[in-house]
Amino acid sequence: MNIILIAPPSAGKGTYAKEIKNKYKIPHISTGELLRKVAKREDEIGEYVQETLSHGEFVKDEIVYEILEKRLSEEDCKNGYILDGFPRKLEQAIRYDELLEEKHNHLGTVLLIEVEKDLLVKRVTGRRVCSDCGAIYNINIPASLPKEDLICDNCSGKIIQRSDDNVEAFEYRYKTYLEKTKPLIEYYKSKGCLYTIDGNGDKEVVMKRIEEVLTKE
Ligand code: ADP
């Protein structure tokens, strides 16, 4: 079972990916999370990634390919995985097709989660993440608050706000999504593997819609 999630910034990709991971027992591979780890490194690449992420810009392809290919070659990816944040542009989709061919693997299901822009802005300013395990919270959504202020329910790690979760960086990421990521929709539609999910609504409702598609596949 291979799954690709495509959605505008802050649509909930990470949240749904974590739910799919638990339900279908396949690893969740978030290029955003992998890059946030690289950004903590105190070397030149770490500094470059940290700077790039905080502006909401795409990280250079070579760096993304290197961390992704390394992760996909790990043992737990053998029976499938959820890709969250990759591919993000046409060149990356083409590169990924080549990689699948090399590995004799298949594309699987592509889920497009659509959410109204107004709702995305509301979510992005409220989003908080655990700096240790990546768990996602939202201070604007009562059901998504941590039990204790600033402490992760899962691992007791420190809950922080991502450097790119502000209105300015969001606007840049959203514009980039429209320009670079949206063309992937036609690309995957023509391959017959794209399913569109209405991502407006509560997490549970959207998750049901996702499950309906995945059980049919
Ligand atoms: P969101 O879910 O809000 O879109 P992500 O955690 O997926 O955020 O990604 C955060 C940031 O990481 C992106 O804005 C971008 O800077 C970088 N990033 C993630 N995936 C890629 C990728 N495939 N190519 C280039 N940059 C990426």
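Helices and strands here are DSSP runs, numbered from the N terminus. Keep in mind that this is a predicted model.

**View 1. S156, a serine with a positive phi.** S156 sits in the loop between strand 6 (136–138) and strand 7 (159–160). Its phi is about 65 degrees, even though S156 isn't a glycine. That's worth a look, since most residues other than glycine have a negative phi. S156 is also exposed, with a relative accessible area of 58%.

**View 2. H104, another positive phi.** Hop over to the loop between helix 5 and strand 4 (109–114), and you'll find H104. It isn't a glycine either, yet its phi is positive, at about 50 degrees. Is H104 buried or exposed? It's exposed: its relative accessible area comes to 76%, and the cut-off for that word is over 50%.

**View 3. A cis peptide bond at P87.** Most peptide bonds are trans. The one joining F86 and P87 is cis, with omega at about -10 degrees.

**View 4. Y96 and the largest nonpolar core.** This core has 33 residues, and Y96 and Y188 have the most contacts inside it. Several elements give it two or more residues, among them strand 1 (2–6), helix 2 (31–38) and helix 8 (183–190). Helix 4 brings the largest share, six residues. What does Y96 touch, leaving aside its neighbours within four places in sequence? Its contacts are I4, L72, Y81, L83, F86, L107 and Y188.

**View 5. A second, separate core.** This one has 22 residues, including A17, I20, L111 and I210. In soluble globular proteins, nonpolar side chains tend to be buried together.

How values were computed
Residues are numbered from 1 along each chain as its sequence is written. This is a predicted model: local features need pLDDT of at least 70, side-chain atom pairs count only at pLDDT 80 or more; totals for chains, interfaces and linings use all residues. Side-chain values use heavy atoms; hydrogens and water are left out. Helices (H or I, at least four residues) and strands (E, at least two) are DSSP runs, numbered from the N terminus. Buried means under 20% relative accessible area, exposed over 50%, partly exposed in between (1.4 Å probe, protein chains only). A nonpolar core is a set of buried Ala, Val, Leu, Ile, Met, Phe, Trp, Tyr and Cys residues joined through side-chain atoms within 4.5 Å. Contact means heavy atoms within 4.5 Å.
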